Amino acid sequence: MPKSQKEEAIEFLKQMEAFANNMKSSIGIPMIVDPKTNVAVWYDQRELNLKFMISIEKTRKFFESLSEGKLLATKCVKTGEILFPPQVDCPSSPESEVEWVELPKDGELVTYTIITTKPFSFSHYNDYTVGIAKLSNGVQVLAWVRETDPKKLRIGMKVKLEIVKREPEGYLTYEFVPV
Amino acid sequence: MGRKVAVVGIGHSKFGVRNDANIAELAWESIKQAFESSNLEPKDIQYVSVSNVGGWSGEPLPAVVVSEYAGLTGKPLHRVEAACASGSSAVFNAYNAVSSGQVDIAMAIGVEKMNESPTPTVVEFIGRAGNYFWEFENFGLTFPGYYALYATAYMSKYGANEEDLCQVAIKNHYYASMNPKAQFQRKIDMPTCMNSRYIAWPLKLFDSSPITDGSAAVILASEEVAKKITDSPVWIHSIGAASGSANLSKRNDFTGLEAAQLAAKMAYKKAGLENENTAKYFDVAEVHDCFTIAEIMAYEDLGFVKRGEGYKLAKEGQTYIGGLIPVNLSGGLKAKGHPIGATGVSMVAELTKQLLNKADKGRQATIKNGRAIAHNVGGTGHYAYVTILGLDKPKD
């Protein structure tokens with residue numbers, strides 16, 4: 001079986017580290033010398049892991065409603081504007097309250113792409129399609145589309161929003177399914 | 001209207017994998033040339049704007065590190081970020097400082113060291129450059145992916161195909177082969193482009209700009225100072241700037257970048273030009289071809305041709321020297337390389353060279369109108385800057 005992009009990336013980093021460790025043993029410096037260009041770089045001895053704590057308190061209802069199978073947006077009470085991603089403030093009418101509304105599930109694909117070269121933190125997935133669809137109430141949503149064959153995808157095709165569990169992480173999110 | 005502002009000095013490093021120089025050393029390559037070309041010294045500079053996006057590189061405060069290395073400590077200094085348009089943002093800042101009368105001499109320095117991190121990390125950082133939680137966290141978009149959303153919509157609406165996109169790559173590699181500062185010196189042909197693997201369908205590896213290290217610098221001066229130090233100032237006629245929504249799903253149209261259209265309109269208005277059929281005003285253009293589709297949209301967003309006609313310019317070779325308007329004679333982001341924070345500054349440096357007939361052999365435009373245009377987009381139309389340069393002093 002061919003290596004996943006994640007395995008390739010990790011293997012590459014391990015090779016770099018091994019090279020630097022060898023240099024530390026021999027000359028006491030974590031140096032990596034590029035065999036093609038003979039250029040030396042310092043292999044960083046400090047590591048920074050980034051994992052953010054993202055505030056969702058004000059839009060908590062959106063997340064909690066996913067387990068009820070609902071995808072919510074907010075609506076400016078005064079102007080009727082529907083906001084997705086949900087936000088609790090209306091810039092077009094700052095004094096307006098917002099209320100939660102359920103989004104319709106059916107829509108049409110506006111555009112799409114199939115991601116083959118993935119970011120590191122997505123490199124454990126198979127190729128995935130990201131699309132934007134316009135729902136029947138005119139709101140546009142960006143999400144994965146459950147179809148990765150470009151021949152079976154086209155702009156204007158009918159799709160349906162589904163709440164799904166994203167594996168292997170095991171958390172609720174939403175995606176489009178061709179109808 | 002503020003004071004008139006001229007480009008009086010330019011510098012440009014070799015773009016590419018530049019592991020041989022740290023961020024300050026790399027910036028200095030351009031800063032030094034900018035001083036030499038203007039006969040100015042660090043003590044003459046009154047204001048410094050450094051563009052660097054960073055994240056992938058080690059220095060969290062690159063502006064102070066670059067400034068100290070270049071003998072600029074003590075000057076008013078800041079770092080600007082407008083994603084891939086950061087460089088134009090730095091130029092805009094320096095321009096405003098001179099135009100407003102706050103200072104007489106300002107410097108914009110763009111530098112980026114993308115190769116300090118492994119490629120998957122860089123792909124991750126650029127992929128996060130949108131509306132992080134709603135586009136990346138759950139859906140893992142990549143930078144090619146964002147532009148691919150535009151490519152799919154554009155091709156479907158106007159009937160452009162993947163070969164039309166590849167024409168842009170072929171042209172830009174052709175001109176880069178004559179630019180010693182470019183990352184890629186190799187010409188490519190249609191099969192090379194068409195047979196390259198998909199990175200974000202319908203975009204392929206050869207539709208995409210590379211991961212690049214590099215720097216560029218420009219020195220801007222007021223009319224009085226410019227007169228004293230150079231016989232050949234290149235004037236900034238106008239800069240238009242605009243922005244687009246963070247989240248792509250908030251946009252109505254995926255066949256052009258609204259921010260770029262707004263920035264172009266503003267730049268044309270300030271320069272006293274019409275905003276249709278605009279190719280006739282310019283001898284040469286540098287446009288933001290982070291992906292081939294981006295260059296095609298730029299032709300339209302800048303008003304060179306009508307909406308839906310941009311891909312035909314590529315197909316017919318109208319953006320080579322001798323065509324309707326030569327575009328990206330530097331090789332563009334596609335083949336010169338795209339060190340994010342340096343790109344916008346590089347465009348102004350390149351067009352200054354072009355207008356002064358100092359470009360390398362084979363890639364010098366014929367200068368008749370004495371006017372050039374730079375189009376620099378940050379993110380996926382999140383930021384946009386359009387800068388018009390000219391040999392004639394701008395009108396009052």
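Let's start with A:Met31, which sits in strand β1 (residues 31-33) of chain A; helices (H or I, at least four residues) and strands (E, at least two) are DSSP runs, numbered from the N terminus. This is a predicted model, where local features need pLDDT of at least 70 and side-chain atom pairs count only at pLDDT 80 or more, while totals for chains, interfaces and linings use all residues. Residues are numbered from 1 along each chain as its sequence is written, chains are lettered from A and ligands numbered from 1 in the order in which they are written, and side-chain values use heavy atoms, with hydrogens and water left out.

Is A:Met31 buried, exposed or partly exposed? With a relative accessible area of 25%, A:Met31 is partly exposed. Here buried means under 20% relative accessible area, exposed means over 50%, and partly exposed is in between (1.4 Å probe, protein chains only). Leaving out residues up to four places away in sequence, A:Met31 touches A:Phe19, A:Ala20, A:Met23, A:Ala40 and A:Val41; a contact means heavy atoms within 4.5 Å. A:Leu103 is another matter: it is 72 residues along the chain from A:Met31, and their C-alpha atoms are separated by 55 Å.

**The two chains**

Chain A has two helices and ten strands, and along the sequence they run α-β-β-α-β-β-β-β-β-β-β-β. Its radius of gyration is 23 Å, whereas a compact globule of 179 residues would have one near 16 Å. That radius is taken over C-alpha atoms, and the globule rule is 2.2 Å times the number of residues to the power 0.38.

Chain B has 14 helices and eleven strands. Its radius of gyration is 19 Å, close to the 21 Å from the globule rule for 396 residues, so chain B is as compact as a globular protein of that length.

Here are some chain totals; accessible areas come from the Shrake-Rupley method with a 1.4 Å probe, and for residues only the protein chains shown count as cover.

| Chain | C-alpha box along the principal axes | Buried residues | Accessible surface |
|---|---|---|---|
| Chain A | roughly 70 × 45 × 30 Å | 35% of 179 residues | about 10900 Å², 53% from carbon and sulfur atoms |
| Chain B | roughly 55 × 45 × 40 Å | 64% of 396 residues | about 13500 Å², 49% from carbon and sulfur atoms |

Take the contacts with a separation of 6 or more: residues 24 or more positions apart account for 45% of them in chain A and 78% of them in chain B.

**Inside chain B**

**Where the chains meet**

How many residues of chain B are in contact with chain A? The count is 36 residues of chain B against 40 residues of chain A. Together the chains bury about 3200 Å², with 67% of it on carbon and sulfur atoms; buried area is the accessible area (1.4 Å probe) that two parts lose on being put together, summed over both. On the chain B side, B:Trp134, B:Phe139 and B:Trp201 lose the most area to chain A, together 24% of what that side buries.
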